[in-house]
Amino acid sequence: MSATVLRSRLEVAGTRTRLLQAGPAEASEAVVFVHGNPGSAEDWERLVTAAAGAGLRALAFDLPDFGETVAPAGFEHDVPGYATFLGEALAALGVQRAHLVLHDFGGPIGLVWTAMNPEALASVTLIDTGILPGYKWHRLARIWRTPIVGELFQATATRSAFRFLLNRNEPRGLPREFVDQMYDHYDRRTRKAVLALYRATDDPGSAAAGYSELMAPRDVPALVIWGEHDAYLPSSFATRQREAFPSADVHVLPASGHWPYADDPETVERLLVEFLSGLTT
């Protein structure tokens, strides 16, 4: 069953975020896609369509200062700030239970929201993200976290340099359209937001033990998809997600990197639809 993605704007938390939505619009349970860095709601259009085609309400929106959405005055560009925004957006959309689909920095943002609202989590799909016990920042993150050096690096991120940087560790290469779309949204405010977000996150693995202790007894349905050649978040973390989600269905894709939904969209779509369909039948 095919589905049409509707594009609109959602007024919430002092801003107008871009919204992609498909499926039964009034449903209080929804598949919610949370992008990472650099990313936007556009990353998820194919999977929003697929989830809605399985009969579920599906939605994705820009996080503040990503995509086409401007952060409101005083917005805190840190994980708690973005998790609060996620909660406010879901409330405005009437979503009471969420099947979260998270990627990259969308992982800590979504997981912090679930820690604050554990009963509202229907399931979670982790795509190259999740709990990261013992994780140390990758080289690019260390650059972003360094004052002055990070600003200089962002200022010199031309389109050609951006293409090279994203593709240099990707075994299949990323589609040109996907990379260019990402760069088109990588403007000055997004670059500043990236620096603020990374500098506000001192130890990305520090919350793993506490989160696992909270969530493991609940054994929430979980799907884990990880690119074996992820240069930023090693695929060895894929099976570690069972520390928080003991029954997680884990798939490491042997020819993928950090963006498997872009370099192997058919496989990711199939795994996600099978997982979601299994929860609703």
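Me: Where do helix α1 and helix α11 come within 10 Å, and at what angle do their axes cross?
Reply: This is a predicted model. In it, α1 spans residues 45-53 and α11 spans residues 265-280. Their axes come within 10 Å and cross at roughly 35°. The crossing of α1 past α11 is right-handed.

Me: Which residues make the contact?
Reply: From α1 come Arg-46, Leu-47, Ala-50 and Ala-51. From α11 come Pro-265, Glu-266, Val-268, Glu-269, Leu-272, Val-273 and Leu-276. Eight of the contact residues are nonpolar, three are charged and none is polar.

Me: What makes Arg-46 and Glu-269 a salt bridge?
Reply: The rule asks for a side-chain nitrogen of Lys or Arg within 4 Å of a carboxyl oxygen of Asp or Glu. Arg-46 and Glu-269 have N and O at 2.6 Å. The pair therefore meets the rule. Arg-46 sits in helix α1 and Glu-269 in helix α11, 223 residues apart.

Me: Why is Arg-46 called partly exposed?
Reply: Buried means under 20% relative accessible area, and exposed means over 50%. Arg-46 has 40%, so it is partly exposed. Glu-269 has 23%, so it is partly exposed by the same rule.

Me: How do you know that Glu-119 forms a salt bridge with Arg-218?
Reply: The closest N and O atoms are 2.6 Å apart. The cut-off is 4 Å, so the pair counts. Glu-119 lies in the loop between α3 and β6, and Arg-218 in the loop between α9 and β7. The pair ties together parts that are 99 residues apart in sequence.

Me: Why does Glu-119 count as exposed?
Reply: Exposed means over 50%. Glu-119 reaches 58%, so it is exposed.

Me: What makes Asp-202 and Arg-145 a salt bridge?
Reply: Their closest N and O atoms are 3.5 Å apart. That is within 4 Å, so the pair qualifies. Asp-202 lies in the loop between α8 and α9, and Arg-145 in the loop between α4 and α5. These parts are 57 residues apart in sequence.

Me: Is Asp-202 buried or exposed, and why?
Reply: Asp-202 has 58%, which is over 50%, so it is exposed. Arg-145 has 23%, so it is partly exposed.

Me: Which residues do salt bridges with shared partners join into one network?
Reply: They are Arg-7, Arg-9, Arg-18, Glu-42, Glu-45, Asp-62 and Glu-68.

Me: How many salt bridges does the count come to by this rule?
Reply: The count is 21.

Technical notes:
Residues numbered from 1 in each chain as written. Predicted model: local features only at pLDDT ≥ 70, side-chain atom pairs only at ≥ 80, totals over all residues. Heavy atoms only, no water. Axes fitted to C-alpha atoms, helices over the stretch in contact; angles between N-to-C directions. Helix = DSSP H or I, 4+ residues; strand = E, 2+ residues; numbered from the N terminus. Left-handed = near helix turned anticlockwise from the far one by under 90°. Contact = heavy atoms within 4.5 Å. Nonpolar A, V, L, I, M, F, W, Y, C, P; charged D, E, K, R; others polar. Buried < 20%, exposed > 50% of the residue type's maximum accessible area, 1.4 Å probe, protein only.
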